[in-house]
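Please walk through this protein chain, from its overall fold down to single residues. A short report is wanted, with geometry given as numbers.

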Amino acid sequence: TVCNLFANPLAIFVQGALGVAVFSLLIVKWRCERPRRQFYVWIFDALKQCIAAAVQHACNVAIAAIARSEGGEGDEECGWYIISFTIDAVLGTFLSLIMLKYVVEVTARKFNYRPLIESGDYGQPDNINVKWWGIQLGSWILINVLARGVCGTIIFFLHNPLHPFVAWMTRKFAGHSMLYLLLSMIGTPTLLNIIQLMIQDTVLMKRSRPQELHEMEEQCEVSLFPQDRHSINISEAGEISPSLLPKE
């Protein structure tokens, strides 16, 4: 039985569970933050992360499928996904953050293009400009696609040297395609995924300035369910502004 990433419902379920785990990890990180981002700011950061993570995953799956198409004994997607994800988590993440901080944000500051001057700045604390968030999301997705393109190119040129390792893994898991799938999607990526998400979330969030920290310290701690304390209004201009509700 060949280990394919979309061969059966279990493979798709495992990838869906991976997405849930990514979002849960972001929740845990947010709950442990000091000072903690306000919920409506964090949710925009988390959405940006999750959408980009889905794009990253799609790129890695595509790279694995292309590498598999080269054929040979190690032609199973799971082995190539392990290779693709490992290179992506290390090199892809590094390239993405470099492009964000030293290409996009530097260029934005030079031309005073406010939506991209600082990642995570959506116009808060006074309001959240959804258009700014959309521009940052599009920029971050483009950066990730470019970085994964570099990773895919490296795998393409190193296909022959990497092929024996993938073939060895394929032989070791012969007859155990589901175990191979779980190893490639959950076992191997777990630690790298945690590190990758923690680094990316820290970089993508807005850096609080001293006056903002002072304001946050004076505010009540935001609960996990913000409707207890905040309402969110969407204006016709596409901006979201929080208003404090009276305590019962």
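**Overall fold**

This is a predicted model. The protein chain holds 8 helices and 3 strands. Along the sequence, these elements follow the order α-α-α-β-α-α-α-α-α-β-β. The chain has 248 residues, and 43% of them count as buried. Its accessible surface comes to about 13,100 Å². Carbon and sulfur atoms account for 67% of that surface. Among contacts in the chain with a separation of 6 or more, 72% join residues 24 or more positions apart.

**Helices α3 and α7**

How do the axes of α3 and α7 cross? Helix α3 spans residues 77-110, and helix α7 spans residues 189-204. Their axes come within 10 Å and cross at roughly 5°. Angles under 35 degrees count as roughly parallel, so α3 is roughly parallel to α7.

From α3, the contact is made by Phe85, Thr86, Asp88, Ala89, Thr93, Leu97, Leu100 and Lys101. From α7, the contributors are Pro189, Leu192, Asn193, Gln196, Ile199, Gln200, Val203 and Leu204. By class, this contact has 9 nonpolar, 5 polar and 2 charged residues.

One of the α3 contributors is Asp88. Is Asp88 buried or exposed? Its relative accessible area is 1%, and buried means under 20%, so Asp88 is buried. Leaving aside neighbours within four places in sequence, Asp88 is in contact with Asn60, Thr93, Arg148, Cys151 and Gln196. Thr93 and Gln196 also belong to the contact of α3 with α7.

**Aromatic rings**

The structure holds 10 aromatic pairs. Two of them involve Phe44, with Tyr122 as one partner and Trp133 as another. The table gives their geometry.

| Pair | Distance of ring centres | Angle of planes | Arrangement |
|---|---|---|---|
| Phe44 and Tyr122 | 6.0 Å | 45° | tilted |
| Phe44 and Trp133 | 5.6 Å | 80° | edge-to-face |

Why is the pair of Phe44 and Trp133 edge-to-face? Its planes stand at 80°, and planes over 60 degrees apart count as edge-to-face. The planes of Phe44 and Tyr122 are at 45°, so that pair is tilted.

Both pairs link distant parts of the chain. Phe44 sits in helix α2, residues 39-69. Tyr122 lies in the loop between α3 and β1 (128-129), 78 residues from Phe44. Trp133 is in helix α4, residues 130-157, and is 89 residues from Phe44. Phe44 and Tyr122 are buried. Trp133 is buried as well.

Phe23, Trp30, Phe39 and Trp42 form one aromatic cluster.

**Backbone details**

Which peptide bond is cis? The bond from Arg34 to Pro35 is cis, with omega near -5°. Pro35 lies in the loop between α1 (9-32) and α2.

Asn112 is not a glycine, yet it has a positive phi of about 55°. Asn112 is found in the loop between α3 and β1. Is Asn112 buried or exposed? With a relative accessible area of 55%, Asn112 is exposed. Tyr122, by contrast, is buried.

**Summary**

Phe44 pairs with Tyr122 and with Trp133. The backbone has a cis bond at Arg34 to Pro35 and a positive phi at Asn112.

Conventions. Residues numbered from 1 in each chain as written. Predicted model: local features only at pLDDT ≥ 70, side-chain atom pairs only at ≥ 80, totals over all residues. Heavy atoms only, no water. Axes fitted to C-alpha atoms, helices over the stretch in contact; angles between N-to-C directions. Helix = DSSP H or I, 4+ residues; strand = E, 2+ residues; numbered from the N terminus. Parallel < 35°, antiparallel > 145°, perpendicular 65-115°, else oblique. Contact = heavy atoms within 4.5 Å. Nonpolar A, V, L, I, M, F, W, Y, C, P; charged D, E, K, R; others polar. Buried < 20%, exposed > 50% of the residue type's maximum accessible area, 1.4 Å probe, protein only. Areas by Shrake-Rupley, 256 points an atom, 1.4 Å probe, with all protein chains shown as cover. Phe/Tyr/Trp six-rings, centres within 6.5 Å; stacked < 30°, edge-to-face > 60°.
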